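User: I'm new to this structure and would like to learn how to read it. Could you walk me through it?

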Amino acid sequence: MKKTFPIMSIFILLTISILNINSCSSREDTVSCFPLTPISVNLNLNLAAYNNLNFVGGWIYVDEQQAGTRGLIVVRTADNPAQFKVYDRNAPHICPDNDTTLEVKDGISILCPKDNATWILLSGQPTTGSSLPPKTYFWNYDATTKNLSLYN
C-alpha cells in the first residue's frame, strides 16, 4: 500500500502537467510557422477609403504599416453596437507562400488561393479545406469619432 500511493501521485501529477501544458499553448489556432507581427492601426470611418465599414457586411483590406505581414481584412458584422472582425491575411492552416494570402470572394467568403480553403466572412467559420479559422485581432470602436483601432 505504501508504494501504490507515491506511484499514483506521480501519475496524477504527470497527467495534470501534460494537460496544463497543452491548454496553455501559445499557438493560437494557427500553424507553427505563422508569422507573429505587431498590429497597430487606426481607421477613421469618416474617410471615404473606409466608408464600406459603416455598413453591416462591408469589408476592406488594410495594407498599411503595422497591419501584419500581408495586411488585414476588416469586416463590419453588426450595428447597435457596432461589431467588427479583423482577420490576418495569412492563411492560418498552411505556411506562408506566394499564393497563401487570403482574399474576400463575392463579399461573403474568404478564400485561400493556394488550396481553395474557404471561411465565412462575417464569422470566420471554416467551410472547406481547413479546420482552423483565420487569425483574428482585437479592435476598439469609438462611435462618437468613428475611429476604429486594430491591435494585438
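User: Is C95 buried, partly exposed or exposed, and what is its relative accessibility?

Analyst: Buried means under 20% relative accessible area, exposed means over 50%, and partly exposed is in between, using a 1.4 Å probe and protein chains only. C95 has 44% relative accessibility, so it counts as partly exposed. One thing to keep in mind: this is a predicted model, where local features need pLDDT of at least 70 and side-chain atom pairs count only at pLDDT 80 or more, while totals for chains, interfaces and linings use all residues. Residues are numbered from 1 along each chain as its sequence is written, and side-chain values use heavy atoms, with hydrogens and water left out.

User: Which residue forms a disulfide with C95?

Analyst: A disulfide is a pair of cysteine sulfur atoms within 2.5 Å. Here C95 pairs with C33, and their sulfur atoms sit 1.8 Å apart. A search of the whole structure turns up one disulfide. The angle about the S-S bond is -105°, and the link of C33 and C95 is left-handed. C33 is partly exposed, at 29% relative accessible area. Another cysteine, C112, is buried, with 0%.

User: Which parts does the pair of C33 and C95 tie together?

Analyst: Helices (H or I, at least four residues) and strands (E, at least two) are DSSP runs, numbered from the N terminus. C33 lies in the loop between helix 1 (4-23) and strand 1 (40-44), and C95 in the loop between strand 4 (83-88) and strand 5 (103-105), so the pair ties together parts that are 62 residues apart in sequence.

User: How many salt bridges does the structure hold?

Analyst: A salt bridge is a side-chain nitrogen of Lys or Arg within 4 Å of a carboxyl oxygen of Asp or Glu. The structure holds four. One of them joins D79 and R76, with the closest N and O atoms 2.9 Å apart. R76 counts as buried at 7% relative accessibility, and D79 as partly exposed at 39%.

User: Which residues are linked in a network of salt bridges?

Analyst: The network links D97, D99 and K114. D97 and K114 meet at 2.8 Å, N to O. D97 lies in the loop between strand 4 and strand 5, and K114 in the loop between strand 6 (109-112) and strand 7 (117-120), so this pair ties together parts that are 17 residues apart in sequence. K114 also forms a salt bridge with D99, with the closest N and O atoms 3.8 Å apart.

User: Which residues touch the most other members in the largest nonpolar core?

Analyst: A nonpolar core is a set of buried Ala, Val, Leu, Ile, Met, Phe, Trp, Tyr and Cys residues joined through side-chain atoms within 4.5 Å. The largest has 20 residues, and L43, V74, L148 and L150 touch the most other members. Strand 1, strand 2 (59-62), strand 3 (72-78), strand 4 and strand 10 (147-151) each supply at least two of its residues. Apart from that core lies another, of eleven residues, among them V75, V104, A117 and W119.
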